[in-house]
Every structure is written in structure tokens, then in C-alpha cells.
Amino acid sequence: MTRSPTGTTDSVSHRTILGIAVPIMLSNVSTPLLGAIDTAVVGQIPDPAHIGAVAVGSLVFTFVFWAFGFLRMGTTGLTAQALGAQDADEMVAALGRALLVAALAGASMVVLQWPIRETAFALLEASDAVEGLGRSYFDIRIWAAPATLANYALLGWFIGLGRTDIALVLQLLLNLTNIVLDLWFVLGLGWGVPGVAAGTVLAEVLAATVGVVIALRHARGMGARWEPRRLLAPAQLKRTLVVNSDIMVRSLALIFVFVWFMSQGAAQGDVRLAANAVLMQFISISAYFLDGLAFAAEALVGRAVGAMRRGALAAAATMTSLWAGGIAALMSLTLWLLGPTLIDLLSVDAAVREAARTYLPWAAGAPLLGVWAFQLDGIFIGATRTADMRNAMLVSTAIFLLAWWLLQPWENHGLWAALYVNYLARTATLLWHYPGLLRSVPD
């Protein structure tokens with residue numbers, strides 16, 4: 001067994017937490033900024049169908065790609081635990097397994113793009129204009145699938161190692177390249193919605209290529225060996241598959257909630273669909289900030305589990321959550337104060353602006369309610385307690401659907417309220433399992 005050159009005995013401190021979280025926050029700023037610029041670019045076209053098409057097209061890929069979110073989350077937890085155990089060979093093997101899955105899954109998605117597209121759009125109740133543009137977006141962006149999934153694996157690996165500085169570089173490369181290409185293709189060349197998709201494809205391929213090169217050099221620097229026998233070890237493969245399958249079910253359930261939310265908004269008309277799309281950009285901005293602390297929880301909890309230190313686990317969970325709560329309060333205040341101005345920046349359509357202002361309070365309050373679910377997700381991912389995550393999310397999804405059904409008379413307000421119920425259910429169900437997580441780690 002090759003020992004990791006990175007020590008894992010340091011106590012959890014605010015400095016350690018911020019050292020992991022801040023680079024992720026900085027890199028994540030560019031991700032919602034990309035979505036906001038996508039919306040703003042097509043929003044310059046005085047037709048809400050274009051904003052709706054990008055929203056629906058992006059939602060399809062959220063559903064498709066987030067189903068493979070385990071490539072990021074599972075890789076982070078398994079890598080962090082290998083780091084805690086100071087096993088560099090296993091850290092490298094964790095990345096190799098994730099990249100192998102990414103390549104196979106991405107290629108399969110390209111081959112199966114027709115049934116994926118038809119199934120996805122059959123589930124969405126968008127207008128003909130929105131669906132037509134959304135299909136054009138899909139037909140181009142699907143070709144980024146192998147690179148997108150490889151980027152998930154690479155991001156998870158670097159976060160698990162605590163090398164969020166490298167993750168920062170890769171995410172900035174991906175998102176800033178995408179932004180530049182979107183502006184060029186849409187505003188410069190006039191390609192419209194297909195231009196947004198083309199920019200995404202090229203940016204994903206570039207980031208994946210650079211990420212693999214950096215990962216190979218980093219592995220050599222650790223003195224780790226790329227051994228096929230270790231990579232395909234039955235026991236480790238089984239563990240990886242169990243962890244990843246649990247996270248996949250959990251992710252599908254979570255994505256279903258947001259797909260249902262957007263589809264029910266689409267059923268209320270293009271204006272409400274576009275307004276919800278604008279407000280979801282605000283939620284994405286806050287969530288990506290808060291993800292910095294959730295990712296720190298993943299890395300630090302994973303190290304504590306690998307080193308079998310319950311005290312470090314509890315400290316990581318508590319301290320990262322305190323930081324996350326403070327940032328969530330700041331994000332909600334910012335969205336409340338600046339929301340009207342941001343709405344005007346994202347759309348020129350008067351009806352969309354008015355509708356978005358009506359529902360702005362729901363979006364502004366979301367960070368304060370959602371932060372606890374995000375943090376618990378990070379804690380459970382780091383501990384690879386994925387069966388608990390899966391079960392909690394399935395229960396929460398059922399509660400969400402019940403809330404939506406009961407709140408239908410309030411239309412879009414009821415839809416937003418059901419989303420709030422889902423946040424509360426996710427938090428409560430994971431808290432139920434938290435004592436068992438603590439007991440599973442020796443003190």
C-alpha cells in the first residue's frame with residue numbers, strides 16, 4: 001500500500017474548512033453566472049419562448065446528467081476515505097473507476113439519444129414553440145455527455161483530496177470558456193438557442209482534457225501506481241457500485257422534484273415558466289455558494305471516517321453547518337434586496353418581469369430553508385452512508401408530491417410552497433439517520 005503524502009491528523013478548524021470551501025465558492029460563482037448569462041443572452045430576444053427553451057433544454061440535461069451525479073459525490077466520499085486511511089493507490093483507483101464509468105455511460109447516452117430525447121420531452125408540458133427550440137438544444141448538447149461525466153469524476157476526485165484549488169481552475173476554465181462561447185455564438189453569430197448548446201459542448205471537452213492531464217501528473221506526484229488489478233478488484237468494485245447506485249436513485253428522486261416543479265410551471269403558461277426559470281437562477285446562485293460548505297463537509301467527514309475518528313466527524317459536521325447557515329442568511333438578504341434589479345437584467349419581457357416579482361419572496365427564502373438539507377447531504381456523502389440518503393430522499397419525494405397535490409388550488413404559489421415542503425422533508429429525514437451515522441464511526 002502506498003502512503004499518501006498528505007497528512008490527515010490535523011484537527012478540524014475554521015481555517016481548514018475555509019481552505020476547502022472558498023475555492024469551491026469562487027469556482028461555483030461562475031456556474032450560476034453561466035446559467036444567468038444563458039438566460040440573459042436569449043432574454044434579449046423579445047419572446048419568452050427562447051428563455052423557456054433554454055430552461056427546458058437545460059432541465060432535460062439536469063435530469064439526464066444529475067442521474068450520474070454519483071460520479072462526483074461517490075468519488076469524493078471514496079477518495080476522502082482513502083485519504084483518511086493514507087492509501088494513495090486506492091485514491092488513484094477511485095478516480096480510474098469513476099472515469100471508466102463516465103466513458104461507458106457517456107457513450108451510451110450518445111448512442112441512445114433518440115429515446116432519451118423523446119422520453120424527456122414527453123414528460124414536459126411545454127408549448128410547441130418552446131419544445132421545438134428545446135429539441136434543437138438537446139440535439140447538440142448531447143454530444144458533450146462523455147466529457148461532462150468525466151468532469152464530474154474529476155471534480156469529485158480533487159474535492160475528495162482537498163485540492164479544491166485545482167477544482168477551482170477546472171471549473172473556471174469550463175464555465176468562463178462556456179460564457180465566452182455563448183456570447184460569441186448567440187450575440188455575435190446569431191445562432192440563438194443552438195449556439196448556447198454548442199458553446200457548452202466545446203467547453204466541456206476542453207475542461208475534461210485539461211482535467212485528465214492534471215490528474216495524471218498529480219497521481220505521479222503522490223507516487224501512486226495505476227494497477228488494473230487494483231482498479232478492478234471485486235470487493236472495491238462492489239463497494240463502488242453499491243455507493244453509486246444508492247446515490248443514483250437518490251439523485252433521480254431529487255431531479256424528479258425539480259422536473260415536476262418546472263413541468264407544472266410550464267403547464268401554467270410560457271410566462272410563468274419563464275418567470276420560474278429566472279427565479280431558479282437565483283436559487284442556483286445561492287446553492288452554488290452553499291455547496292462550498294457542503295463539499296467541505298464531504299471532504300472532512302470522509303477523512304474522519306477513513307481515519308476512524310468520530311470526534312473529527314462531529315466537529316466537521318457542526319462547524320461547516322454553522323458557516324453554511326451564516327452564508328445562507330446573507331444570500332437570502334441579498335436576493336430580497338437585489339431581486340427586482342436582477343430580474344430586469346435577466347429578461348426584457350414585461351409580463352415575465354411582473355410574474356417573477358410576484359414570486360420573488362419564495363426564491364429569496366429558499367437558501368435559509370434549503371441549506372440544512374445541503375449540509376446533511378454533504379455529511380452523508382462523506383461518510384458514504386448512501387443507503388440512508390437514498391431512503392430519505394424517496395420519502396421526501398413522496399411528501400413533496402402530496403404537498404403539491406394539496407396545494408394545487410394556489411397554482412404557482414402552491415407549487416413554490418411544495419418545494420419548501422421538500423426542503424423540510426429532506427432535512428428531517430436525514431436528521432433521523434444522523435445518530436446512526438455517528439455511532440458507525442469509532443470514537
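This is a predicted model: local features need pLDDT of at least 70, side-chain atom pairs count only at pLDDT 80 or more; totals for chains, interfaces and linings use all residues.
Q: How many helices and strands does the protein chain have?
A: Helices (H or I, at least four residues) and strands (E, at least two) are read as DSSP runs and numbered from the N terminus. Here the protein chain has 16 helices and 0 strands. Its radius of gyration is 21 Å, close to the 22 Å from the globule rule for 443 residues, so the chain is as compact as a globular protein of that length. The radius is taken over C-alpha atoms, and the rule is 2.2 Å times the number of residues to the power 0.38.

Q: What box do the C-alpha atoms fill, and what percentage of the residues is buried?
A: Along the principal axes, the C-alpha atoms fill a box of roughly 60 × 40 × 35 Å. Of the 443 residues, 58% are buried. For the surface, accessible areas come from the Shrake-Rupley method with a 1.4 Å probe, and for residues only the protein chains shown count as cover. The protein chain exposes about 17200 Å², with carbon and sulfur atoms supplying 69% of it.

Q: Among contacts between residues at least 6 apart in sequence, what percentage joins residues at least 24 apart?
A: A contact means heavy atoms within 4.5 Å. Within that set, 86% join residues at least 24 apart. Setting aside neighbours within four places in sequence, Ala317 is in contact with Ile379 and Tyr434. The C-alpha atoms of Ala317 and Val12 are separated by 9.9 Å, although the two residues are 305 apart along the chain.

Q: Which residues does Thr200 touch?
A: Not counting residues up to four places away in sequence, Thr200 touches Arg141, Asn178 and Asp182. Thr200 lies in helix H9 (residues 193-222) and is buried, with a relative accessible area of 4%.

Q: How many positive and negative side chains are there, and how many salt bridges?
A: Side chains of opposite charge can pair when their charged atoms come close. Lys and Arg count as positive and Asp and Glu as negative, leaving out His and the chain ends. A charge is placed at NZ of Lys, CZ of Arg, CG of Asp or CD of Glu. The protein chain has 26 positive and 26 negative side chains, and the centres of the two sets lie 13 Å apart. A salt bridge is a side-chain nitrogen of Lys or Arg within 4 Å of a carboxyl oxygen of Asp or Glu, and the structure holds 13 of them.

Q: Are Glu90 and Arg97, which form a salt bridge, buried or exposed?
A: Glu90 is buried at 10%, and Arg97 is buried at 5%. Their closest N and O atoms are 2.8 Å apart. Asp165 and Arg163 also meet in a salt bridge, at 2.8 Å from N to O. Asp165 is partly exposed at 35%, and Arg163 is partly exposed at 30%.

Q: What parts does the salt bridge of Glu411 and Arg272 tie together?
A: Those two side chains meet at 3.4 Å, N to O. Glu411 lies in helix H16 (residues 411-439) and Arg272 in helix H12 (residues 270-306), so the pair ties together parts 139 residues apart in sequence. Arg272 counts as partly exposed at 24% relative accessibility. Elsewhere, salt bridges that share partners join Arg117, Glu118, Arg135 and Asp139 into one network.

Q: What is phi at Thr384 and at Glu411?
A: Most residues other than glycine have a negative phi. Thr384, not a glycine, has a positive phi of about 50°. Thr384 has its place in the loop between helix H14 (350-382) and helix H15 (386-407), and it is buried at 16%. Glu411 has a positive phi near 50°, and its place is in helix H16.

Note on methods:
Residues are numbered from 1 along each chain as its sequence is written. Side-chain values use heavy atoms; hydrogens and water are left out. Buried means under 20% relative accessible area, exposed over 50%, partly exposed in between (1.4 Å probe, protein chains only).
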